[in-house]
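Subject: Structure handover

Hello,

Here is the structure I promised you. Please open it and keep it beside this email. My notes follow below.

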Amino acid sequence: MSLLLSRDEIEKEERDAVERLRGLEQSGGRKRELKLTGLEILAFIGAKIVVPIITGFISRAIYEKYKDAHTASKLEEARREILASQPGQDPVDEQTIKEDISAILVREGIPQAQAEKVVAETLESIKAKMQPSKA
């Protein structure tokens with residue numbers, strides 16, 4: 001990892017995470033469907049997925065500080081710290097990030113399998129964008 005995302009890219013990843021959650025909600029066909037309502041709640045959950053993943057690529061200390069942020073102001077503080085940081089100082093391994101963030105989503109009421117799917121897809125998307133381009 002050598003490139004961090006811009007604020008616009010972070011916000012796009014958050015919107016994409018929300019769309020992944022909505023996709024699970026709309027796929028139906030399961031007894032235990034997601035019952036997510038409210039754009040603000042979805043946006044907050046999207047940020048709770050994206051921000052910790054990015055901080056995990058930066059450093060363990062920043063990740064531990066923000067992985068379970070409970071307020072919008074704490075997430076905004078994390079975004080500012082992301083924009084001022086360089087990746088790879090002491091990154092958290094991807095499996096730990098996946099497990100931690102999935103557990104947070106389960107506490108928010110998202111079924112385990114669906115939480116794991118959204119987190120894995122979001123992590124891969126962010127990781128791909130943080131890789132240096134091969135021009």
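First, a term. A pocket is found on a 1 Å grid over the protein atoms alone: it is an open set of points where a 1.4 Å probe fits, with protein on both sides within 12 Å along at least five of seven lines. Lining residues have an atom within 4 Å of a point. A volume is the space filled by probe spheres set on the points, which are joined across faces, edges and corners.

This is a predicted model, where local features need pLDDT of at least 70, side-chain atom pairs count only at pLDDT 80 or more, and totals for chains, interfaces and linings use all residues. Residues are numbered from 1 along each chain as its sequence is written, and side-chain values use heavy atoms, leaving out hydrogens and water.

**The pocket**

The largest pocket holds about 180 Å³ of space. Which helix gives the largest share of its lining? That is α1, with four residues. α1 (7-27), α2 (39-58) and α4 (72-83) each supply at least two. Among the lining residues are Glu11, Arg15, Phe44 and Leu75. The lining has six nonpolar residues (Ala, Val, Leu, Ile, Met, Phe, Trp, Tyr, Cys or Pro), four charged (Asp, Glu, Lys or Arg) and no polar ones (the others, Gly among them).

**The chain**

The chain has six helices (DSSP runs of H or I, at least four residues) and zero strands (runs of E, at least two). Of its 135 residues, 41% are buried, meaning under 20% relative accessible area with a 1.4 Å probe, protein chains only.

Best wishes

Methods:
Buried < 20%, exposed > 50% of the residue type's maximum accessible area, 1.4 Å probe, protein only.
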